[in-house]
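Please look at the sequence and the model before reading on.
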Amino acid sequence: MRIRIVDAFTDRAFAGNPAGVLLLDSFPDDDRLQKIALEVNHAETAFAHRLPGGGEADWALRWFTPAAEVAMCGHATLATAHVLHTTGAHEGAVRFATRSGVLVATPSEDGSITLDFPTAPLTAVEAPAGVAEALGAEPRSTFDTGPNVGDLLVELADEKTVRALSPDLRALGAYSQRGIIATARAADPAQGYDFVSRCFFPNVGIDEDPVTGSAHTALAPFWSQRLGGTILTGLQASPRSGRVRTELRGDRTLLSGHAVTVIDGDLLA
(Lines give C-alpha, C1' and ligand atoms only; values in the text may rest on other atoms or scores of the structure.)
Protein backbone atom coordinates (compact mmCIF):
# COMPACT_ATOMS: atom_id res chain seq x y z
CA MET A 1 0.00 0.00 0.00
CA ARG A 2 1.21 3.50 -0.80
CA ILE A 3 1.12 5.71 2.29
CA ARG A 4 1.58 9.44 2.58
CA ILE A 5 1.84 11.76 5.57
CA VAL A 6 0.28 15.16 4.89
CA ASP A 7 0.33 18.26 7.09
CA ALA A 8 -3.12 19.86 6.81
CA PHE A 9 -4.34 23.40 7.49
CA THR A 10 -0.87 24.78 6.88
CA ASP A 11 1.24 25.90 3.91
CA ARG A 12 4.53 24.69 5.40
CA ALA A 13 5.87 21.35 6.54
CA PHE A 14 5.96 20.37 10.22
CA ALA A 15 3.03 22.60 11.14
CA GLY A 16 -0.73 22.13 11.04
CA ASN A 17 -2.16 18.66 11.67
CA PRO A 18 -0.46 15.57 10.19
CA ALA A 19 -2.62 12.80 8.74
CA GLY A 20 -1.87 9.48 7.15
CA VAL A 21 -3.50 8.96 3.75
CA LEU A 22 -3.87 5.60 1.98
CA LEU A 23 -5.60 5.25 -1.40
CA LEU A 24 -6.85 1.66 -1.73
CA ASP A 25 -8.68 -0.58 -4.18
CA SER A 26 -11.15 -1.48 -1.41
CA PHE A 27 -11.29 -1.40 2.37
CA PRO A 28 -9.65 -4.32 4.21
CA ASP A 29 -11.20 -5.51 7.47
CA ASP A 30 -11.65 -3.02 10.29
CA ASP A 31 -9.00 -4.64 12.49
CA ARG A 32 -6.34 -4.07 9.83
CA LEU A 33 -7.40 -0.45 9.33
CA GLN A 34 -7.19 0.16 13.07
CA LYS A 35 -3.74 -1.46 13.31
CA ILE A 36 -2.44 0.72 10.46
CA ALA A 37 -3.81 3.84 12.16
CA LEU A 38 -2.14 2.83 15.40
CA GLU A 39 1.16 2.28 13.58
CA VAL A 40 0.91 5.68 11.86
CA ASN A 41 0.02 7.14 15.28
CA HIS A 42 -1.20 10.52 14.07
CA ALA A 43 -4.50 12.05 15.15
CA GLU A 44 -6.20 10.45 12.13
CA THR A 45 -5.34 8.19 9.25
CA ALA A 46 -7.63 8.37 6.21
CA PHE A 47 -8.46 5.40 3.99
CA ALA A 48 -10.12 6.00 0.63
CA HIS A 49 -11.06 4.01 -2.44
CA ARG A 50 -12.63 4.99 -5.74
CA LEU A 51 -16.34 4.32 -6.25
CA PRO A 52 -18.06 3.35 -9.51
CA GLY A 53 -19.03 6.25 -11.75
CA GLY A 54 -22.54 7.65 -11.85
CA GLY A 55 -23.20 7.62 -8.10
CA GLU A 56 -23.58 10.43 -5.59
CA ALA A 57 -19.92 10.20 -4.54
CA ASP A 58 -16.55 9.65 -6.22
CA TRP A 59 -14.57 8.09 -3.36
CA ALA A 60 -15.41 6.24 -0.15
CA LEU A 61 -13.58 7.68 2.87
CA ARG A 62 -13.05 6.50 6.45
CA TRP A 63 -10.99 7.95 9.30
CA PHE A 64 -9.30 6.20 12.22
CA THR A 65 -7.48 7.60 15.23
CA PRO A 66 -4.90 5.32 16.89
CA ALA A 67 -7.75 4.09 19.12
CA ALA A 68 -11.05 4.26 17.19
CA GLU A 69 -12.92 5.04 13.98
CA VAL A 70 -14.49 8.52 13.99
CA ALA A 71 -17.63 9.87 12.35
CA MET A 72 -16.07 13.01 10.87
CA CYS A 73 -12.59 14.46 10.39
CA GLY A 74 -11.74 17.70 8.64
CA HIS A 75 -7.95 17.70 8.46
CA ALA A 76 -7.68 14.12 7.16
CA THR A 77 -10.33 14.90 4.51
CA LEU A 78 -8.31 17.93 3.45
CA ALA A 79 -5.18 15.75 3.37
CA THR A 80 -6.91 13.12 1.24
CA ALA A 81 -8.20 15.69 -1.25
CA HIS A 82 -4.68 17.16 -1.43
CA VAL A 83 -3.23 13.73 -2.29
CA LEU A 84 -5.90 13.09 -4.93
CA HIS A 85 -5.25 16.43 -6.62
CA THR A 86 -1.45 16.48 -6.41
CA THR A 87 -1.11 12.91 -7.74
CA GLY A 88 -3.66 13.34 -10.53
CA ALA A 89 -5.92 10.64 -9.09
CA HIS A 90 -8.85 13.07 -9.22
CA GLU A 91 -9.43 16.44 -10.88
CA GLY A 92 -11.74 19.19 -9.66
CA ALA A 93 -14.20 18.87 -6.80
CA VAL A 94 -14.24 15.45 -5.18
CA ARG A 95 -17.25 13.94 -3.40
CA PHE A 96 -16.51 11.64 -0.49
CA ALA A 97 -19.00 9.08 0.84
CA THR A 98 -18.53 9.03 4.63
CA ARG A 99 -20.30 8.22 7.88
CA SER A 100 -21.30 11.91 7.96
CA GLY A 101 -22.88 11.84 4.51
CA VAL A 102 -21.39 13.11 1.26
CA LEU A 103 -18.62 15.65 1.89
CA VAL A 104 -17.23 17.74 -0.98
CA ALA A 105 -13.67 19.08 -1.27
CA THR A 106 -13.01 21.75 -3.90
CA PRO A 107 -9.52 22.96 -4.92
CA SER A 108 -8.82 26.65 -5.53
CA GLU A 109 -6.31 28.35 -7.81
CA ASP A 110 -4.26 29.50 -4.80
CA GLY A 111 -3.66 25.89 -3.81
CA SER A 112 -6.09 25.84 -0.93
CA ILE A 113 -8.91 23.33 -0.61
CA THR A 114 -12.40 24.08 0.67
CA LEU A 115 -14.41 21.42 2.49
CA ASP A 116 -18.21 21.49 2.57
CA PHE A 117 -19.24 19.98 5.93
CA PRO A 118 -22.49 19.87 7.93
CA THR A 119 -22.77 22.63 10.50
CA ALA A 120 -22.74 21.27 14.03
CA PRO A 121 -26.02 21.82 15.91
CA LEU A 122 -25.18 23.70 19.11
CA THR A 123 -27.23 23.20 22.25
CA ALA A 124 -26.53 25.32 25.32
CA VAL A 125 -25.98 23.17 28.41
CA GLU A 126 -25.05 23.77 32.01
CA ALA A 127 -21.34 23.40 32.68
CA PRO A 128 -20.96 19.87 34.08
CA ALA A 129 -19.81 19.63 37.70
CA GLY A 130 -16.05 19.33 37.81
CA VAL A 131 -15.33 20.45 34.24
CA ALA A 132 -13.76 23.73 35.38
CA GLU A 133 -11.36 21.85 37.64
CA ALA A 134 -10.52 19.30 34.93
CA LEU A 135 -9.93 21.99 32.32
CA GLY A 136 -8.19 24.39 34.68
CA ALA A 137 -10.38 27.38 33.78
CA GLU A 138 -13.91 28.61 34.51
CA PRO A 139 -16.32 28.32 31.56
CA ARG A 140 -18.28 31.36 30.42
CA SER A 141 -20.68 29.13 28.47
CA THR A 142 -20.86 25.50 27.40
CA PHE A 143 -22.51 23.81 24.42
CA ASP A 144 -23.15 20.29 23.18
CA THR A 145 -21.99 20.00 19.55
CA GLY A 146 -24.19 17.12 18.39
CA PRO A 147 -23.44 13.55 17.28
CA ASN A 148 -21.09 14.19 14.34
CA VAL A 149 -18.62 16.26 16.35
CA GLY A 150 -19.31 14.77 19.77
CA ASP A 151 -17.53 17.40 21.85
CA LEU A 152 -18.33 19.80 24.67
CA LEU A 153 -17.59 23.34 23.46
CA VAL A 154 -16.38 25.54 26.32
CA GLU A 155 -16.09 29.30 25.98
CA LEU A 156 -13.36 30.79 28.17
CA ALA A 157 -12.63 34.34 29.30
CA ASP A 158 -9.91 35.29 26.81
CA GLU A 159 -7.20 34.10 24.44
CA LYS A 160 -4.57 34.13 27.18
CA THR A 161 -6.61 31.65 29.21
CA VAL A 162 -7.00 29.28 26.24
CA ARG A 163 -3.27 29.36 25.50
CA ALA A 164 -2.36 28.71 29.14
CA LEU A 165 -4.53 25.59 29.60
CA SER A 166 -2.90 22.50 31.08
CA PRO A 167 -5.91 20.23 31.68
CA ASP A 168 -6.31 16.95 33.52
CA LEU A 169 -6.81 14.85 30.39
CA ARG A 170 -8.03 11.74 32.21
CA ALA A 171 -10.73 13.79 33.95
CA LEU A 172 -11.80 15.53 30.73
CA GLY A 173 -12.86 12.23 29.19
CA ALA A 174 -15.95 12.10 31.39
CA TYR A 175 -17.68 15.12 29.84
CA SER A 176 -18.36 14.23 26.21
CA GLN A 177 -18.19 11.55 23.54
CA ARG A 178 -14.87 12.71 22.07
CA GLY A 179 -13.50 15.56 24.17
CA ILE A 180 -13.39 19.30 24.81
CA ILE A 181 -13.16 22.31 22.49
CA ALA A 182 -11.89 25.31 24.47
CA THR A 183 -12.30 28.67 22.73
CA ALA A 184 -12.17 32.44 23.19
CA ARG A 185 -12.31 35.63 21.15
CA ALA A 186 -9.00 36.70 19.58
CA ALA A 187 -7.13 39.21 21.68
CA ASP A 188 -6.10 41.18 18.57
CA PRO A 189 -8.02 40.49 15.34
CA ALA A 190 -5.39 42.52 13.47
CA GLN A 191 -3.18 39.43 13.80
CA GLY A 192 -5.33 37.76 11.13
CA TYR A 193 -7.67 35.55 13.13
CA ASP A 194 -11.00 36.13 14.87
CA PHE A 195 -11.02 33.42 17.54
CA VAL A 196 -8.71 30.85 19.09
CA SER A 197 -9.28 27.28 20.16
CA ARG A 198 -7.58 24.22 21.58
CA CYS A 199 -8.99 20.69 21.36
CA PHE A 200 -8.45 17.83 23.80
CA PHE A 201 -9.76 14.38 22.77
CA PRO A 202 -8.68 11.79 25.35
CA ASN A 203 -11.58 9.45 24.54
CA VAL A 204 -10.18 8.71 21.05
CA GLY A 205 -6.53 8.56 22.04
CA ILE A 206 -5.59 12.18 21.21
CA ASP A 207 -4.36 14.27 24.12
CA GLU A 208 -4.35 17.51 22.11
CA ASP A 209 -5.27 17.69 18.44
CA PRO A 210 -3.05 20.14 16.49
CA VAL A 211 -5.76 21.54 14.14
CA THR A 212 -9.32 20.18 14.10
CA GLY A 213 -11.49 20.79 11.05
CA SER A 214 -14.57 19.12 12.54
CA ALA A 215 -14.40 21.35 15.63
CA HIS A 216 -14.66 24.38 13.36
CA THR A 217 -18.10 23.24 12.19
CA ALA A 218 -19.14 24.11 15.75
CA LEU A 219 -16.82 27.10 16.21
CA ALA A 220 -18.08 28.75 13.02
CA PRO A 221 -21.74 29.10 14.10
CA PHE A 222 -20.70 29.87 17.68
CA TRP A 223 -18.48 32.81 16.74
CA SER A 224 -20.53 33.98 13.76
CA GLN A 225 -23.41 34.67 16.12
CA ARG A 226 -21.19 36.57 18.54
CA LEU A 227 -18.98 38.45 16.09
CA GLY A 228 -21.63 39.21 13.48
CA GLY A 229 -19.90 37.75 10.43
CA THR A 230 -20.32 34.59 8.36
CA ILE A 231 -16.68 34.48 7.15
CA LEU A 232 -14.14 34.14 9.96
CA THR A 233 -10.68 32.72 10.57
CA GLY A 234 -9.87 30.51 13.53
CA LEU A 235 -6.42 29.92 14.98
CA GLN A 236 -5.95 26.60 16.75
CA ALA A 237 -3.30 27.47 19.32
CA SER A 238 -1.68 24.05 19.71
CA PRO A 239 2.12 23.75 19.69
CA ARG A 240 2.04 23.02 15.90
CA SER A 241 -0.73 25.58 15.28
CA GLY A 242 -2.81 26.14 12.16
CA ARG A 243 -5.51 28.38 10.72
CA VAL A 244 -8.93 27.47 9.36
CA ARG A 245 -10.98 29.87 7.28
CA THR A 246 -14.68 29.27 7.98
CA GLU A 247 -17.75 30.37 6.07
CA LEU A 248 -21.14 29.68 7.63
CA ARG A 249 -23.90 28.81 5.14
CA GLY A 250 -26.80 27.78 7.30
CA ASP A 251 -26.71 24.04 7.82
CA ARG A 252 -23.38 23.79 5.96
CA THR A 253 -19.98 25.17 6.92
CA LEU A 254 -17.11 25.70 4.49
CA LEU A 255 -13.61 25.06 5.88
CA SER A 256 -10.61 26.19 3.84
CA GLY A 257 -6.90 25.59 4.19
CA HIS A 258 -3.70 24.39 2.55
CA ALA A 259 -1.84 21.09 2.89
CA VAL A 260 1.71 19.83 2.33
CA THR A 261 2.87 16.26 1.71
CA VAL A 262 5.91 15.51 3.90
CA ILE A 263 6.34 11.72 3.55
CA ASP A 264 5.58 9.43 0.59
CA GLY A 265 6.37 5.73 0.87
CA ASP A 266 5.17 2.14 1.00
CA LEU A 267 3.46 0.23 3.78
CA LEU A 268 5.19 -3.16 3.67
CA ALA A 269 3.30 -5.12 6.32
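Q: Is helix α2 largely enclosed by the rest of the structure or open, and how many of its 14 residues are buried?
A: This is a predicted model, in which local features need pLDDT of at least 70, side-chain atom pairs count only at pLDDT 80 or more, and totals for chains, interfaces and linings use all residues. Residues are numbered from 1 along each chain as its sequence is written, and side-chain values use heavy atoms, with hydrogens and water left out. Buried denotes under 20% relative accessible area, exposed over 50%, and partly exposed in between (1.4 Å probe, protein chains only). Helix α2 is largely enclosed by the rest of the structure, because the number of its 14 residues that are buried is eleven.

Q: How far does helix α2 reach from its first C-alpha to its last?
A: Helices (H or I, at least four residues) and strands (E, at least two) are DSSP runs, numbered from the N terminus. The expected span of a helix is 1.5 Å times one less than its number of residues. Helix α2 covers residues 74–87, and its reach is close to the expected value, at 20 Å.

Q: Which residues touch the most other members of the largest nonpolar core?
A: A nonpolar core is a set of buried Ala, Val, Leu, Ile, Met, Phe, Trp, Tyr and Cys residues joined through side-chain atoms within 4.5 Å. The largest one holds 47 residues, and those touching the most other members are Trp63 and Phe96.

Q: Which element gives the most to this largest core?
A: The largest nonpolar core has 47 residues. Six of its residues come from the element that gives the most, α2.

Q: How much space lies in the largest cavity?
A: On a 1 Å grid over the protein atoms alone, a cavity is a set of points where a 1.4 Å probe fits but cannot get out; lining residues have an atom within 4 Å of a point. Grid points are joined across faces, edges and corners, and a volume is the space filled by probe spheres set on the points. One cavity of 30 Å³ or more is counted. The space in the largest cavity is about 50 Å³.

Q: Which elements give two or more residues to the lining of the largest cavity?
A: The lining includes Gly74, His75, Gly213 and Ser214. Two or more residues are given by α2 and α7 (213–227).

Q: Is phenylalanine 14 buried or exposed?
A: Phenylalanine 14 lies in the loop between β1 (2–8) and β2 (17–24), with a positive phi near 70 degrees. Because its relative accessibility is 68%, phenylalanine 14 counts as exposed.

Terms used. On a 1 Å grid over the protein atoms alone, a cavity is a set of points where a 1.4 Å probe fits but cannot get out, and a pocket is an open set with protein on both sides within 12 Å along at least five of seven lines; lining residues have an atom within 4 Å of a point.
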